[in-house]
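The sequence and the coordinates come first.

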Amino acid sequence: MWPDPRVSKFVQDNFIPARVHVKDDAQKFVEYGDKYGAQWTPTVLQLDPKGEERARIEGFLPTDDFLAQLMLGRAHLAFGMGQWDDAERRFREVVEKFPNSDAAPEALYWAGVAPYKKTHDPASLGATAKAFKERYQGTPWAKKASIWG
Amino acid sequence: MPINFRHDVDAVLAEASRQNKPVLLDFSAAPM
């Protein structure tokens with residue numbers, strides 16, 4: 001996952017990357033594992049600038065799925081910081097670039113929520129419900145969006 | 001382009017706060 005140039009560029013562009021290794025950083029691994037509830041490897045956390053966890057990936061994923069989850073997490077991070085325009089753009093980017101990934105239905109859902117959070121105009125929720133009628137049927141996210149339209 | 005992972009997590013968290021930048025924290029068992 002990590003050696004892929006798309007992954008490394010995304011990480012370098014979006015984060016300060018840090019690693020604790022189960023053997024080489026054994027004491028720190030226990031310390032931060034307890035702090036963040038990380039009890040398995042690989043576990044990848046996305047922390048906001050205050051050190052609060054905003055997204056988590058546990059277990060190995062093939063590169064495209066991993067990158068999609070990283071992008072989804074980064075979008076959630078923007079959402080959690082109230083950066084609604086950036087969050088929506090990032091969620092939509094996941095759907096556009098990785099439409100067949102597990103991350104895509106979740107991203108489509110939150111891409112509808114972000115503009116609503118900004119404007120309180122429910123139109124984006126209705127549009128999202130409509131979009132789910134055309135794709136990702138049978139996913140939990142389609143069920144969650146079904147109440148909107 | 002290899003990722004320059006840092007191992008001084010406390011310093012990374014402090015820098016993230018100063019720079020208002022997110023942190024990616026990898027708990028790894030991969031060969032180093």
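In chain A, β2(A) pairs with strand β3 (residues 53-58) in the antiparallel sense over five bridges, where helices (H or I, at least four residues) and strands (E, at least two) are DSSP runs numbered from the N terminus, and two strands pair if DSSP finds at least two bridges between them. Here the model is a predicted one, in which local features need pLDDT of at least 70 and side-chain atom pairs count only at pLDDT 80 or more, while totals for chains, interfaces and linings use all residues. Residues are numbered from 1 along each chain as its sequence is written, and chains are lettered from A and ligands numbered from 1 in the order in which they are written.

Within this pairing, Gln46(A) stands opposite Ala55(A) in β3(A). The two strands form a hairpin with five residues between them, and Gly51(A) in the turn has a positive phi of about 90°. β2(A) is also joined by five bridges to strand β1 (residues 23-28) of chain B, again in an antiparallel arrangement, and Thr43(A) has Phe27(B) as its bridge partner in β1(B).

Chain B has one helix and one strand, and its C-alpha trace spans about 30 × 20 × 10 Å along its principal axes. Of its 32 residues, 31% are buried, a residue being buried if 20 or more other C-beta atoms lie within 10 Å of its own, exposed if 12 or fewer, and partly exposed in between, with C-beta atoms placed from the backbone.

The contact between the chains takes 34 residues from chain A and 24 residues from chain B, counting two residues as in contact if their C-beta atoms, placed from the backbone, lie within 7 Å.

| Element of chain A | Residues |
|---|---|
| α1 | 5-14 |
| β1 | 16-21 |
| α2 | 26-36 |
| β2 | 43-47 |

This side of chain A divides into 18 nonpolar, nine polar and seven charged residues, where Ala, Val, Leu, Ile, Met, Phe, Trp, Tyr, Cys and Pro count as nonpolar, Asp, Glu, Lys and Arg as charged, and the others, Gly among them, as polar.

In helix α1 (residues 9-19) of chain B, the buried residues are Val9(B), Val12(B) and Ala16(B). Seen down the axis of α1(B), these fall within an arc of 55°, so they line one face of the helix, the arc being that of the directions from the helix axis to the C-beta atoms. They pack against β1 and α2 of chain A together with β1 of chain B, whereas Asp10(B), Ala11(B), Ala14(B) and Arg18(B), on the other side of α1(B), are exposed. After α1(B) comes Asn20(B), whose phi is positive, near 55°.

Not counting residues up to four places away in sequence, Phe91(A) touches Ala75(A), Ala107(A), Trp110(A), Ala111(A) and Ala114(A).
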